[in-house]
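Dear colleague,

I am passing on the structure we spoke of, and the notes that follow it set out what was found. Please read them with the structure open beside you.

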Amino acid sequence: MAEVSAVVKPKPRPIIRIGLFLISHSLFVSIVCCIAGVLALLLLPVLAKNTYISENALMPGSASAMLSSDDASDGHVFLNKIMSISSMSKNSGIEIPELIAKHITESGGEVNYHKFQPLSDSFHPLQFFVGPDAGIVQDNYSSTSYGVNTVGIVRAPRGDGKEAIIIVTPYNSVKPTTSEALSLGVAYSVFTLLSRVSWLAKDIIWVAADSRHGEHAAVAAWLRDYYTLSSGDLEHEVTSVKREGVSNGFRRAGTMAAALVIKVADSSTGFEKDGLKIYAEASNGQMPNLDLINIDNYLAVHGQGLQVRVEKIWSLLDSWWLYSLGELQELIGKVAKSLNPGWKFGIPASDYVEGCATLASSLYNQALGVPTGPHGAFRDYQVDAITLEFSPRFSSSQRVLFLLHVGRLVEGVIRSVNNLLEKFHQSFFLYLMTSPSRFVSVGIYMIAFALLIAPLPLAAAALFSDASKSKSPGESIPTSPAWNWLYAAKTVLIVHLWGAIVTIIPYLLHQSPDSSPLTSLSMWIASSAILLFFTRAASGSLPFSRASQLQTSEWTLLKAVTVATAFIGLCLMSVINYATAEIGALLLVPMCLMAVPLRADLKAKTMKAVVRGACNLLLVFVGFPPAAFLLSKVALAGFDRVRLDDFWNWTESLREWNSATYIYICMVHLPCWVLCIHILLHRR
Amino acid sequence: MSRFKAFLLLFLALFSVTASIKVEELNEEFTEALLLRPLPDRKVLAHFHFRSSAPPSQRYGRHHHIFPKSIHQLVHKFQVREMELSFTQGRWNYERWGGFDPISSCNAKPPGVELWAEFDVPQNQVDDSWKNLAHALSGLFCASINFLERSTSYSAPHWSFGSASGKLRYGTLPREAVCTENLTPWLKLLPCRDKAGLSSLMDRPSTYQGYYHSQRLHLKSDESDASETSTGIVLEQTLTVVLRPETFSEKALQPNWSLSSLFGRSVSGKCSLSSSSNVYVQFEQNLVSAGDKLREVSEASENAISVGEGFQDNPLFELSHPPKRVIRESGNFQKAGSILYEFSVEDSNEFKPFDLRLNWKAPVAWSSPQAPLQASRFLLGSGNERGAIAISMKSTRSTNNVEGTGGYDENECWLRVGIFQMVPWYVKVYYHTLKLFLDGEPQSSTENIEKILVSPSEDKVSTGVMELILRLPCSVRTAALTLEFDKGFLHIDEYPPDANQGFDIPSAVILFADFVANMSLHENSLKQVPILSKLQEEVPVISYTEVLLVPLTTPDFSMPYNVITITCTVFALYFGSILNALRRRISEEEKLLSRKGARKASPLTLMISKLTAKLRGKPWEPPEPSDLAGRSSSKYKLVAKVALVAGVAAAWQLYFQ
């Protein structure tokens, strides 16, 4: 009996069997999953759905626009006044705020000036977790240059004043351009209309933001003071700015429902229609509710006949491979349709290419984690906001008509938001745009990412089981294989700690002023390299000291732990910023999976080994963050426009905007890259 | 003895005289009045004032001719001593419309419904009476006042609302929408409804078109004390609206208006049941002094003859009707007080309706008197976790010099400001974080706090209440108060409809107890007219702050479905594995495995083979252990089963297309 039971082993549970099966075929599964992941990403423009207005209360376009041509011509008169001030030689930057304040008072609104200084450079990378603190801000206006925002408020006649809609028009108060004056004209004509209408349920705040210190800084300063007990609340009068009975006391109007930033582009469109470009990305890839974009798009296209665009990467439009891919999917779609008329997929190749270019731009802007306009400041306070950039058809003539169209659009959007009883919550917050009227929701785009990172835990498990199986017979120290991985984990941990230190180095470099980007970059790289060398030398477990003791299984264990940490890092990042994780996974997953010591490949001298070695070298080269950045720049902008110090500037900007992408690059991507190199250079 | 008799006689005589006087006074009375006042920002304030009174029922009986029965029953049933109910739409603009006059102090109310009531019952019955009253009023006024019944929506203020008896309850519903359905039952309480008299002006579209609309019902009763001095029940109904006259006059001039242009109707006669029916036009003190200045200028230039008190020669405006009398407020020594022009509608009729008209003659700008501090309240911080409530108060002294009772002595002068703040339980206020800033400087709060009473909220049971009396130096320019809070979680059942809008924190009440807003009219005869006596009443200056909207974490309400799905899955997995573990017998399984080769046939084939064996009449034999063949055949069977299911599915699909 005993012999029989020894022969026939009991079957494990099916779920474990599936797991074992996958692990034993991990190579095949990895290849299939990676290819499927990339394909799924490329298929996203095809899978994109048409946008629809999810919140029924919005009812865009259900009321006819009330903005008359009189209002538009009022706006034009206002615009001319601003232009005449800006053409004056002496301009201290207070004349235009005064003019705006006077007009707001005349139209029956309340007005105040908001004096601010640009925020100092401070690094709060985890601000998106914590949120701005609700303390009071004590600022001292030591420096002479400050900006003056002009804030006008229309109180809703019968409203309860609990909510407000914000219009923001950034302009340079010293020297406004014509387009900035146009945006002020639009805001003014809408504001005067709204001060008369009876349907208003939410208060309207018009912030004419002084963009002398940057558009975002002005809006962010105003918002910071709105949400804290600011100096405007505490000090009674700051005599330097008080003019004509307009007080400095900060005025507020309840919880913000939505914000619209109105800008006018300097260049006119080449099209026969006025154009509208929508910017929505806020910091760390946060997006406003899709409904806000939808109503803009709906009203602009169906109401005012504007040409609506979202940002796209233009150089992708001419790429032949994308076009042939588009044709391929079109062909497949046609074949599928001929088989069953019910199957409707496949879009025209040109649409596909356009969708891809928009998607790539959307993905890149979200991954960057840097807001694409002043609307980004609102998202930090959980307010849905977008920037509407209008581009007039003609540069100077027919301005009144332009003001009329744009004013009616803004009025329509405000009316829709005004209809809203609840805050925006119905539609999507996690999405990628493939055109102004098409989007990919989180449920679809997560598939691509999940497929890409699925091989990582499998590969880790497979490598671990390999390492524990293949014990070399000549092992001198009898260690338990189960605990062997702790050495590898120690190495990985040390490298990640090194990554954390690398994250901080630029702040130390930043202390020394007046260094050119290139020297800073080289100093950063050099100090990191030295630091790495020292950590390697200092920690006893690293190859230089323990090389003799290293076994064959050592690198597999190291790779297993590396792959596992890469998986954890990518998963964490996908929660914070999906787009960063997606792009990171595209670079990191093949690199981590392929990594095999080069010596083994050289020794083997088979075709397969040589190809694998070459691939490894290529992937490691591409995986180095500066190289990846510069290569993508070369691919998009051309070779001659790329300079080496661009990378420093890029990381600098990431740092300044408190982007989580910076943390990801330094603390996940870079250590994994170093570990991959470590594996490649491993001695047997 | 005779002396005693004489005394008795005298006493009887006196008693009879007083009794006869009492009998004469024991009458129900109803008066109506309308006060109109031009506001600085080209709007007009219209304040309707109706007063009905009923003598105490011990002496008068329970039957009334004029006084509304429902109110009488309400008072008797719930032993209401005093009660005020207001329905408000829009916000009173303290900055432009003033905050230092009797009308704004009494009639500027927070948006939505506000109710407070004081009962004349033992302490332990007060809550029950309140709940019953809320339900009764809810039915009476077609509003969801019954939501005030819940203990989480009302509170018991100790000193902020006058009485400190502890029998007062206060509650607000900031989200209540006010409309004509609330006005109609209110009008039903008037003897003439809106069919005659001043209330016939209440054209629904035009009254609800306004910038502010507040209907108020104030009730005072001393029914319960049986003494001779009791006056019975006094019901005061006021409707305050702020309207913007539609005119095409030029921008510099204030808009001209008439009753018919404001309301779309005009008065044709008084309500015949009312004992007085007057219309007043009030010109504020600042406007009067502006007019005086203008007059001086014009007199100097034109050398015109002054006619003194006249209204025709007023350089500012012109009234279409001659006033019955002109009432001047006795101002202080520097300035003249405000002026009231009284008109009577008694001599108007259907053919000659009373349509008062005001025409402006010269452009004028003035500002309304302001409360000593202008308060505003707002939220600090963002996110779903925590935040802070801030109340900021700014001195209005720079804009206009309010002559308070204290007189600004700079050193020894203190400004006492009472704050009453009620916070729902899901906003968990940490009262120890109370910070006070005076002119931007943080203060150690004990120094400036004269009196504080805090009752923290209890989750799902009661609201948090803070009553505070601040003692600020008169020279203070700004004062700010912050309180930090955490946002709580609600159970999914407790979310109101439209939960994603956020949650309201009711208005805070700012009370300037040292300041009284009253008009000092010297003639004693004026006390007979209820509206004028009301204006002369000394009421503390009160202002309400904004209602705040706190966004709380709101669940996805489709979540129950997801939760059900996921819990079912978890349960299935859990019970499945438990059952599996219980059912399994390892040793038997091993035995089974060892005999795996021996028996492979399914029970069905076994049965068939047994059956055939019986039919053939042969003894049944177990089938041959053919391991390989059995396995391959089972594989084929599996393939066949899969193919069958796929075929059925395809047929199904085809059939239904």
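**Where the two chains meet**

In this predicted model, 38 residues of chain B are in contact with 32 residues of chain A. On the side of chain B that touches chain A, the elements that give two or more residues are strands E15 (373-380), E16 (386-395) and E22 (478-487), together with helix H14 (586-594), of chain B. The most comes from E16(B), which gives seven residues to that side.

**Helix H5 of chain A**

Helix H5 of chain A holds 12 residues, 95-106, which at 1.5 Å a residue should span 16 Å, and the 17 Å between its end C-alpha atoms agrees with this. Buried in H5(A) are Ile96(A), Pro97(A), Ile100(A), Ala101(A), His103(A) and Ile104(A). Seen down the helix axis, these buried residues fall within an arc of 165°, and they therefore line one face of H5(A). Their cover includes helices H4 (69-87) and H7 (178-194) and strands E2 (110-116), E3 (147-154) and E5 (203-210) of chain A. After H5(A) comes Gly108(A), which has a positive phi, near 95°.

**Ile35 of chain A**

Ile35(A) lies in helix H3 (residues 26-47) of chain A, and it counts as exposed because it has 12 C-beta neighbours inside 10 Å, where 12 or fewer is the cut-off. Although 416 residues separate Ile35(A) from Leu451(A) in sequence, their C-alpha atoms are 8.6 Å apart in space.

With best wishes

Notes. Residues are numbered from 1 along each chain as its sequence is written. Chains are lettered from A and ligands numbered from 1 in the order in which they are written. This is a predicted model: local features need pLDDT of at least 70, side-chain atom pairs count only at pLDDT 80 or more; totals for chains, interfaces and linings use all residues. Helices (H or I, at least four residues) and strands (E, at least two) are DSSP runs, numbered from the N terminus. The expected span of a helix is 1.5 Å times one less than its number of residues. A residue is buried if 20 or more other C-beta atoms lie within 10 Å of its own, exposed if 12 or fewer, and partly exposed in between; C-beta atoms are placed from the backbone. The arc is that of the directions from the helix axis to the C-beta atoms. Two residues are in contact if their C-beta atoms, placed from the backbone, lie within 7 Å.
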